[in-house]
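Let's walk through this model together, starting where its two chains meet. Have the structure open as you read.

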Amino acid sequence: MSPVFFGLGILLLVMQTTVFHLLPSWLGRPDLLFLLVIFIVLYFETGPGLILTLLLGMLVDIFSGIHLGVHALAYFLLFVIIRIMARNLAIHDSVHQVPLVVISFLATTSFIHLLVSLLAPENPVLWDWPLLLQNVIILGIICLPFFHLCRRLMNRLQQRPRILLSSLRPRPRNRFRV
Amino acid sequence: MKKRGNRARQTSKLLLFGVAAALFFVMVLSSLGRSEFNVAHKIGLEVIGAAQAVSTGISGYIGGVWSNYRELINVREENRRLREELRQHKAATTQYREAVATNVRLKKLLDLREDFPDPTLAARVIGRDSSLWFQTITIDQGSSAGVERGMPVVTVEGIVGQVINTSPNYAKVLLANDPNSAIDAIVQKNRSQGIIKGDGSEFVLHYVLRTVNVEKGDHIITSGLDGIFPKGLPVGQVSEVVRARRGMFQTIHVKPAADFSRLEHLVIIMNKSSLAE
């Protein structure tokens with residue numbers, strides 16, 4: 001299941017860095033990869049989820065900004081914080097997912113802004129409220145249908161019979177057969 | 001016996017996973033704050049850069065088809081024959097116009113390339129930064145073509161930025177309007193020197209004394225003193241001058257000569273400068 005979602009993450013990254021720039025400006029540039037990260041945090045098991053989150057963060061670092069490791073660290077902290085929150089809050093309910101996405105996006109972008117400002121204090125990055133709010137609103141609107149599609153994909157992958165490498169290997173003959 | 005075997009297998013799996021996760025996390029942490037790509041990053045840029053090139057090609061083709069379709073959508077049904085004829089003519093005209101525009105653009109690029117003493121290389125933009133805070137692009141030329149970190153990138157209109165990372169076939173360019181970019185520039189009319197820095201969308205010319213006469217509409221060009229950009233390249237035009245009551249310097253806002261939202265073909269100036277590092 002993880003490789004499929006990793007592939008989906010790459011596809012979303014490619015789309016965000018190429019096709020989304022052709023969209024009209026009022027549609028903004030929705031950060032679908034961030035929604036995928038939130039989905040992974042919410043619905044994946046800890047091990048594969050954490051690895052996938054770090055890998056996606058590393059990929060985003062290649063194509064965004066000049067400081068490496070910033071997105072990977074931000075996504076890692078997001079993973080840990082949401083997992084801790086999930087113990088006490090019913091964030092798997094769809095009612096709570098919109099505020100979760102909105103707050104997570106604001107927190108993550110703020111953290112990245114802060115980290116970048118600390119790494120290069122001589123080059124202050126301009127805080128752009130209108131652009132940020134536009135992105136927050138768009139993510140808030142599309143997060144539920146996006147999660148729904150991802151859940152459907154996840155269910156389909158879980159129902160699919162798994163092909164294990166061990167099953168493809170030639171088996172030794174049954175020694176107990178007479 | 002079987003249970004013990006299962007438990008041992010689970011423990012070894014868990015241990016293996018823990019070691020892998022720890023190694024991965026150490027790798028991420030060790031790269032934090034650095035700006036040079038390691039092998040994993042280069043592989044990532046190489047693989048996704050190829051996907052970006054394909055995606056840009058496809059979206060450009062679909063965009064062309066879509067714009068042709070939109071041009072024809074208002075033609076009436078009863079003039080189908082005429083519409084078909086018109087569509088063919090329009091499509092042909094669009095193609096000719098596009099070909100002429102491309103020809104003009106490439107000719108200008110060629111003229112520009114001949115202007116530089118250093119060898120140059122043409123590149124195509126294949127991807128753009130999707131984040132809110134950074135201004136970078138991906139281009140389809142890399143270290144195998146001789147592109148190196150620090151090389152300046154320009155277009156017919158003016159300066160674009162600097163190469164910051166490369167993989168064999170692709171490179172990442174820091175645009176001049178990113179806050180992390182700094183370029184030495186002068187006001188063309190009175191040769192006053194300053195540093196052009198990005199503010200996310202436009203430029204700000206820093207360190208020009210308050211006493212220097214700078215007005216809206218003045219042209220800003222590169223000084224060549226940074227050892228990266230050749231002297232005399234257009235940077236932009238002064239859009240606003242702010243003189244605070246206190247302080248030695250004035251703040252000069254500059255509208256970039258190059259349109260960063262419509263970058264397609266670029267020229268990389270292949271000068272190897274120690275200052276670029």
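How much area is buried between chain B and chain A, and what share of that area do carbon and sulfur atoms give? The buried area, meaning the accessible area (1.4 Å probe) that two parts lose on being put together, summed over both, is about 3,900 Å², with 72% from carbon and sulfur atoms. On the chain B side, Ile48(B), Leu132(B) and Trp133(B) lose the most area to chain A, together 19% of what that side buries.

Before going further, a word on the ground rules. This is a predicted model, where local features need pLDDT of at least 70 and side-chain atom pairs count only at pLDDT 80 or more, while totals for chains, interfaces and linings use all residues. Residues are numbered from 1 along each chain as its sequence is written, chains are lettered from A and ligands numbered from 1 in the order in which they are written, and side-chain values use heavy atoms, leaving out hydrogens and water.

Now count the residues in contact (heavy atoms within 4.5 Å): chain B brings 43 and chain A brings 49.

Finally, look at confidence in chain A, using pLDDT (the predictor's confidence in each residue, from 0 to 100). Chain A averages 86, and 89% of the residues score at least 70. Where pLDDT is low, predicted coordinates should not be read in detail.
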